[in-house]
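Biologist: I would like to learn how the words used for a protein model follow from its values. Could we go through them one at a time?

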Amino acid sequence: MKMQREIIPIEEIKQTLKKTREVSAREAGSIIEKAEGLKGLTPDEAAVLLHCEDKYLIESLCRAAERIKESIYGNRLVLFAPLYLTNTCVNNCLYCGFRRDNLDLERRVLSEEEIRSETETLIRDGHKRVLVVAGESPRECGIDYLERAIKTIYSTKIAHGEIRRINVNVAPLNIGEFRRLKAAGIGTYQLFQETYHLPTYQRVHPSGPKRDYHNRLTALDRAMEAGIDDVGMGVLFGLYDYRFEVLALLYHAQYLERKFGVGPHTVSVPRIEPAAYAPISANPPHAVTDADFMKLIAVLRLAIPYTGIILSTRENAGLRDRLFHIGVSQISASSRTSPGGYTQGEDTSVSNGQFAVGDRRTTTEVIRDISKDGFSPSFCTACYRVGRTGQEFMDHAKPGHIQKFCLPNSILSFKEYLLDYGGEELRKIGESLIEKQTAAIQDTHLRKATLKKLQEIEMGKRDLYF
Ligand code: SAM
Ligand code: SF4
């Protein structure tokens, strides 16, 4: 309990939310202005912005979030796809289609062959990054199985195509198991607390190992102690008041920073979507409106400017396109949320997967739309492969240097994508974007080096980066 309070000071959060309710618009405006200095926000400041209802202030908050994201990462958006290994699960989370009580769901644990086939489909789609996801199933999907699955994914190659970074979102492990995950070559380990509000947590997790709030809350500590430099956190929005959740997440991030010298590498912002046999998924107890969702993402960008914000295909295409403009830095595309879903061409409706997917565009369509919108699609996996992780990544990001890598690397990885997977229409859009983006690299030396690498890719070389 003591440690729980050290990570999430519940009373302090409640007091902060109370005392910041009536703050003036002028004060809120000056907090937004201050955030542009990229120093983050205190919990009090974040709370003031979370209370904001003024249309003009929220507009200025969103524009600030867009500028902050651009000044740190440039206008790149990193793409990935989830790869579900199993839908078996010993838990009974009231919001999830994989819950034990969903007796209609055909349970599967992918074999090595099936994992290879899923990976091949993703590679053919142009992906270089996957997020491995699984239900909690210690017997069928323990650490031995995960190690083998990761090996299979990394060893699957088709012509120039391969997966170069595997991130993982699986149930909490112990330190020894996390060490093995690290040794298997994973990038980020992600785990969402779902809700930081203990009574709600206990209500929506009625049974199974996931009922242990403390074990989940301390999982990222164990991952970092085991040497995994990059960890990702998240909240499942809709379970409890979003203002409380955002503040709790910020306290959790601060706690990691205090303890390990570095905060979370990414934050995910899933909202509850409809799922089969999941009693609270159709009507979440604290459903977050689109407007509040937008606001909370913008507040996160201001509060923890150097943390990647991940937006999944849970949200529909129209809303995603708007959210890309307010601080999101990583996005999934063409996702399937069931094991074997890519190979089978699973429909994305509610009955099959873990939850219903909102953005059903193909990867090509997502890339076309974001390119037209001026974003630079990125399949870059450079940082983690050259050891720019954890503290080292932040040391580059904080003085504003990460952009120097992000933009050229997004250009190079996009060029590969266009040559290997792009159709005629996309190539036209892409090449003109690449030309513009390359010309926009201010450092002459870097611009020339990028042009040289682009030529090399044109001649058949692959996997070039800074
Ligand atoms: N089973 C593990 C766990 O729960 O930690 C691994 C990841 S689980 C398959 C991935 C995430 O999906 C969960 O952490 C939860 O936030 C999210 N999720 C579950 N049901 C959802 C729903 N109906 N809508 C949106 N996201 C959902
Ligand atoms: Fe299982 Fe995870 Fe779904 Fe809960 S959220 S039922 S633990 S797969």
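**From values to words**

Biologist: What makes residues of α2 count as exposed, and which ones on its other side do so?

Modeller: On that other side of α2, the exposed residues are E11, K18 and K19. The word exposed stands for over 50% relative accessible area, buried for under 20%, and partly exposed for the values in between, with a 1.4 Å probe and protein chains only. The helix itself, like every helix here, is a DSSP run of H or I with at least four residues, while a strand is a run of E with at least two, and both are numbered from the N terminus. Before we go on, please keep in mind that this is a predicted model, in which local features need pLDDT of at least 70 and side-chain atom pairs count only at pLDDT 80 or more, whereas totals for chains, interfaces and linings use all residues. Residues are numbered from 1 along each chain as its sequence is written, chains are lettered from A and ligands numbered from 1 in the order in which they are written, and side-chain values use heavy atoms, with hydrogens and water left out.

Biologist: Which residues of α2 are buried, and how do you know that they are on the same side?

Modeller: In α2, which runs over residues 10–19, the buried ones are I13, T16 and L17. They cover an arc of only 95° around the axis, the arc being that of the directions from the helix axis to the C-beta atoms, and therefore they lie on the same side of α2. These buried residues pack against α4 and α12 (242–260), where a contact means heavy atoms within 4.5 Å.

Biologist: Which residues are buried in α18, and what puts them on the same side?

Modeller: In α18 (residues 390–397), they are G390, F393, M394 and A397. Their arc around the axis is only 95°, which puts them on the same side of α18.

Biologist: Why is E22 called exposed?

Modeller: E22, in the loop between α2 and α3, has a relative accessibility of 71%, and because exposed means over 50%, E22 counts as exposed. The C-alpha atoms of E22 and H51 are separated by 8.4 Å, although these residues are 29 apart along the chain.

Biologist: Is A275 buried or exposed, and why?

Modeller: A275 has a relative accessible area of 9%, and because buried means under 20%, A275 is buried. Its place is in the loop between β8 (266–268) and α13 (290–303).

Biologist: What is the phi of A159, and why is A159 called exposed?

Modeller: Phi of A159 is near 45°, a positive value in a residue other than glycine. A159 lies in the loop between β3 (157–158) and β4 (161–162), and with a relative accessible area of 82% against a cut-off of over 50%, A159 is therefore exposed.

Biologist: How many helices and strands are in the chain, and how do you know how compact the chain is?

Modeller: The chain has 21 helices and 11 strands. Its radius of gyration is 21 Å, close to the 23 Å that the globule rule gives for 466 residues, so the chain is as compact as a globular protein of that length. This radius is taken over C-alpha atoms, and the globule rule is 2.2 Å times the number of residues to the power 0.38. Of the 466 residues, 60% count as buried.
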